[in-house]
Amino acid sequence: MRNILLALCLSLCLVLPATASAADTAFSVPLPLTGGQAKFGEIIKKSMEIAAEEINAKGGVKGGKLVLRFEDSQGKPEIARSIAEKIIDVQKQPLLFGEYTSACAKAVAAVAEERKTPYVVVASAADEITQQNYKYVYRINPTNAYYASGLLSFMDKVVKPKTMVILYESSDFGTSGAEEMAKSAEKAGIKVLMKEKYEKGAVDFKPILSQVKAQNPDVIYMVSYVMDAALLMRQIKELRIDARLFAGGAAGFAIPEFIDNAKDAAEFVVTATLWSPQVSYPGAREFAEKYKAAHGDYPSYHGALAYSAVYVVKDAVERAKALTNEDINTAMKGVDMMTAFGQVKFESRDGYQNQNFIDTLALQVLHGKHETIWPERYASAKPVFPIPKWRERK
Amino acid sequence: MKNNLAPLIVLAVLAALPLLGLNSYVMHILILSIMWTLAGMAWNLLGGYCGQVSFGHAAFFGMGAYSAGLIHLHLGASPWWGFLASLPVVALVALGMGSVVLRLRGPYFVLATLAIGEVLRITCENLTDFTKGTLGIMITRTWVEKTQYYYIILGLAALAFIVCRVIVHSRWGYYFVAIREDQDAAESLGIDTTRYKTIALTVSAMLTGLAGAFYTNYMGYIDPGVVFSLGEISILIIMVVMVGGVATEWGPALGAGIMVILAEYIRSLPLIGVAYQTMFGVLLIVIIIYLPNGLVGDWPVLKRKLLRRGAPA
């Protein structure tokens, strides 16, 4: 027993940190790689690795290689904070990027602002992150308030619903997504019959769905992460709830796993999203194909965000006079570039600071695949509407 | 007098640590360890000495955290007043809760505390107008420097240490242990068990609430999923005590050190770092199987085993 312990201790000490050579630019990235949000952390990590590989193949950053290291925050704010503190203090890194959940991004953003270190938020949606008058926090993804704008315009032009039911998971993302949708729906003259929250990770939605069925709404709008999204649609199918439109608010509905898990119940579901593999931004399709070749599935918008974030960071680092916090912060403000995620430019307006604004899209599942259906100028397929009733499907 | 020497030395060493000019990352880890020590000592009073295992201490932690957050949100007061505000709030809830769940024993009591933690989380998520629900509460932190936070949490932990020591060595402490060892025997000796269990619960809850109020002030952001978390607060508090040593004075401190510092160390190792949760799980199982009383509680056993193995065959 004692020998084993000794051997274990020795092996712990022997594994020394793999150091990058002096000319290389190394960045540590906090991400949730274990726990409930690991799925998204994983997509972000893989996409960032693809970007780094491409950059290194083309000569790297400032003559050295771009090295990315990933640190697991488990989706817990205090661990995310530990990692951010370590990156700033121990690794003396002049900028931060990464994290996925809004709670963790808030923790990291607070550290970044206090320590005057620029932080690029990659995929966290809570509106408040860029509403704090922070001077060092930048966000590439549109905020929750804008997630559904593409979907809303689709509903406005095509579906023209009168009533809606909103189901959402109990999280920051779910709540703010549902609130925004309720507000927008009211503005568009759609009556919200029911706005119901469910426990994240629940397995039986039938009690809620029975109520939904009784209300007989035109649109069922759901904000969920991975498993819940698929379960909701399967149980909607089992209960034969025939709404005119099933709509999802990005996240769990916009990733390929949704179709894998929900199978034929996913067909015709429309979801808001920030990006799709078929969208016509330069480099988007190439990135999507590369990702698919490496990992077997198309990436979600999280992937495109992460992939583009690395390019944004590279751009800022190369334009900065020196690798100091202040110089990189100045360079960040000057970012104005086309990426696989679309135009990235940090603006301060509508109560936001250093926020990127971009058109959002609507996808529909057609023949077991996500297709871009809205706005029409980015569309890869024609929307199917009205959708067939459950018993008319084979 | 000799008994007071060790804590004073430890306190002096800890108080001198920031003078070494440690970087803010190390300070962060130290602050987290001391915060969990505080919560662990609080739990230990109820779970260790009085033998009433609670799976719901996140309820008190969260209430402390929300006292600080809400006082800032609704009254515009400094969240530091949360320390004062949390005491009566947490005490009242603990008294109310005690009068119900402390009538239950063994697994029933455990399940009841588990439920209360979850009930509070769900309540907090749904009182959207009052607590901002799952959007959480963000506050602006008072200091960028860690030193002030460090001394505040150190002071609170020292206070908790004194409270626990005084109680454990008083008549109450003996009642607690008597209740833990045999509730019926304690009752037959004339100890009002429900009353003393409620006292243990209330004191324990108030100390945990202080840790929660500190969390809000230190982290600057809370939401119900974080501060009322079953896995990350309630269970972590129990693990801190179990690993360190149940019903020992120094157990929670050692346990918190292991849970925070060792976890952080293993996590940052390259290659094997990715599997740190697995390794940590194995480590915990080993400790629980071979040292059921925790590292401090089973220290004599550990020492004897190591010495015997170390001796020439």
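The structure is a predicted model, for which the scores are ipTM 0.81 and pTM 0.83. Chain B has a mean pLDDT of 89, with 97% of its residues reaching 70 or more.

In chain A, an open sheet is formed by seven strands, which follow one another in the order 7-6-8-9-10-14-15 with mixed pairing. Because strand 7 (191-198) and strand 15 (369-374) of chain A each have a single partner strand, they stand at the edges, and one side of each is left without a neighbour in the sheet. On average, neighbouring strands of this sheet are turned by 25° against each other, direction ignored. Within the sheet, strand 9 (residues 245-249) and strand 10 (residues 270-273) of chain A run parallel and are joined by three bridges, and G249(A) is found opposite A272(A) of strand 10 of chain A.

Helix 9 (residues 226-238) of chain A packs on the sheet, where it touches strand 6, strand 8 and strand 9 of chain A, and its direction makes about 170° with that of strand 9 of chain A. Helix 7 (residues 172-187) of chain A lies across strand 6 (163-169), strand 7, strand 8 (219-223) and strand 9 of chain A, and runs at about 170° to strand 6 of chain A.

The largest nonpolar core comprises 225 residues, of which V108(A), Y119(A), M35(B), L38(B) and I153(B) touch the most other members. Helix 2 (residues 24-49) of chain B supplies the largest share of this core, with 16 residues. When residues up to four places away in sequence are not counted, the contacts of V108(A) include P30(A), A80(A), L96(A) and Y119(A).

Definitions and conventions
Residues are numbered from 1 along each chain as its sequence is written. Chains are lettered from A and ligands numbered from 1 in the order in which they are written. This is a predicted model: local features need pLDDT of at least 70, side-chain atom pairs count only at pLDDT 80 or more; totals for chains, interfaces and linings use all residues. pLDDT is the predictor's confidence in each residue, from 0 to 100. Two strands pair if DSSP finds at least two bridges between them. Helices (H or I, at least four residues) and strands (E, at least two) are DSSP runs, numbered from the N terminus. Axes are lines fitted to C-alpha atoms, for helices over the stretch in contact, and angles run from 0 to 180 degrees between N-to-C directions. Two residues are in contact if their C-beta atoms, placed from the backbone, lie within 7 Å. A nonpolar core is a set of buried Ala, Val, Leu, Ile, Met, Phe, Trp, Tyr and Cys residues joined through C-beta atoms within 7 Å. A residue is buried if 20 or more other C-beta atoms lie within 10 Å of its own, exposed if 12 or fewer, and partly exposed in between; C-beta atoms are placed from the backbone.
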